[in-house]
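Here is a quick tour for someone meeting this protein for the first time.

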Amino acid sequence: MNQLLRPDPYDPFDNPTQHRTYTSHYRSILPQIGLPGYQIPLSPTKQERKRIRHYFNAVGFGFFAHFFFVQIAAILFLLLFDFLLGLSGNPIDPDTYIEQSSMLIALNGLLFLTANTGVACIGCRATKIPIRSFFRTDQFRFSDVLPYLFIGIFIQCVTGYAASWITTLLDQGGITAYEPNIDYYGTGTAIAAEILYSCLIAPITEELLYRGFALKNLSRVSQRTGILITAFLFGLGHQNIAQFVLAFPLGIFLGAITVRHNSILPAIFVHITVNTVSTIFDLGYTWITEESLLYAFDVYGNLLYLLVAIIGGVLFLLHLRKYTFPKNTPAQSMRGSRILLTSPWLLAVIAANLYVAMIAIQSASGI
């Protein structure tokens with residue numbers, strides 16, 4: 001009879017909207033959960049809050065280390081290159097050389113590849129999550145891939161228009177929203193490096209970091225909280241308004257399908273597709289100079305894009321009718337955002353990214 005009184009350690013809050021296969025064993029937070037007759041209180045104890053905060057801070061510390069590694073390593077590399085170029089007696093300006101070669105995009109790719117995979121692997125090891133578990137799937141078939149890709153394009157299309165509208169409003173108010181571009185990658189090698197990074201390396205390693213390490217740890221109490229906070233960090237990590245407007249909604253969708261299928265593979269496929277489409281348009285508008293070809297690319301490319309987005313919108317509505325986004329029980333609400341707001345490392349990385357984003361806006365606006 002006592003066995004019946006034990007809460008399910010993979011569904012301790014009796015939440016039918018969550019996906020049990022994705023949930024971590026709650027023993028990592030409450031060791032006594034397996035005791036006969038034990039019931040989880042509505043409000044968390046001090047010890048439980050401490051354990052939950054531990055996992056939130058693990059994510060925050062990992063992202064904080066990621067932030068400073070990328071910033072400091074890039075500065076040190078550029079200073080070293082400047083110093084070595086000066087020793088060689090080469091009269092070329094270091095900034096000009098970097099911008100006209102493949103060095104900048106290669107450096108960017110190398111730093112983020114190292115930081116994304118390093119933080120994900122070390123973080124998973126510290127929080128005892130097997131990396132291989134991210135690539136197992138639950139109720140996922142390759143026939144699911146195409147609808148997800150169409151939905152990803154739909155989200156990209158809608159948020160692209162939203163980002164354009166927001167940046168226009170900001171421009172009218174005298175604020176220039178910083179947006180990264182690849183116009184200055186002047187060599188074929190740089191373009192190849194950009195394609196490799198944007199279309200393969202970034203989607204795979206970012207999903208490993210965000211929908212792998214971060215989402216798994218932030219979902220230990222609530223999948224809803226995990227999805228939303230991971231999506232927020234994903235958007236904030238791009239450090240500019242336009243990409244935040246795209247990345248946050250897309251991140252919610254990527255998090256939801258990761259939880260549903262207990263795997264980051266669906267999210268990787270969608271992320272690759274969205275980045276590839278964006279890269280094709282960027283390169284097309286940058287490098288097609290013949291007027292008739294540019295006109296054809298603009299008209300027919302956008303028509304095809306809008307057609308795919310419309311189909312994706314229909315599939316998205318059907319998707320929303322079929323699947324329920326995870327909700328919180330009252331006990332989960334007591335253990336989610338309230339504890340997150342007292343997790344210093346998570347708050348620190350949010351503040352650091354907001355600071356960089358504000359500096360970029362001030363620089364672009366000439367403030």
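Let's begin with Gln139, which is exposed, its relative accessible area being 69%. That puts it in the exposed class because the class takes in anything over 50%. Keep in mind that this is a predicted model. Gln139 sits in the loop between helix 3 (103-126) and helix 4. Its backbone has something to show as well: phi is positive, at about 55°, although Gln139 is not a glycine.

Now hop over to Asn262, in the loop that runs between helix 7 and helix 8 (265-287). Here too there's a positive phi of about 55° in a residue that isn't a glycine. Is Asn262 buried or exposed? With a relative accessible area of 17%, Asn262 is buried, because the cut-off for that label is under 20%.

## The second largest pocket

Next up is a bit of open space. The second largest pocket holds about 360 Å³, and 17 residues line it. Which of them lie nearest its centre? Those are Asp144, Tyr148, Arg260, Lys322 and Tyr323.

Helix 4, helix 7 (241-261) and helix 9 (291-322) are the elements that each give two or more residues to this pocket's lining. Helix 9 provides the largest share, with 4 residues.

## Inside helix 4

Helix 4 covers residues 145-172, and Thr167 is part of it.

What does the side chain of Thr167 have beside it? One of its polar atoms lies 2.9 Å from the backbone oxygen of Ser164.

Phe68, Ile72, Ile75, Leu76 and Leu79 make a nonpolar surface patch of about 480 Å².

Zoom in on one of these, Ile72, which belongs to helix 1 (residues 46-88). Ile72 has 44% relative accessibility, so it counts as partly exposed.

Key: Residues numbered from 1 in each chain as written. Predicted model: local features only at pLDDT ≥ 70, side-chain atom pairs only at ≥ 80, totals over all residues. Heavy atoms only, no water. Patch = residues over 30% accessible without salt bridge, like charges linked within 9 Å, V, L, I, M, F, W, Y side chains within 5 Å. Areas by Shrake-Rupley, 256 points an atom, 1.4 Å probe, with all protein chains shown as cover. Salt bridge = Lys/Arg side-chain N within 4 Å of Asp/Glu carboxyl O. Buried < 20%, exposed > 50% of the residue type's maximum accessible area, 1.4 Å probe, protein only. Polar contact = N/O pair within 3.5 Å; in protein donor to acceptor, adjacent residues only side chain to side chain. 1 Å grid on protein atoms, 1.4 Å probe; cavity = no way out; pocket = protein on both sides within 12 Å on 5 of 7 lines; lining within 4 Å. Points joined across faces, edges and corners; volume = space filled by probe spheres on them.
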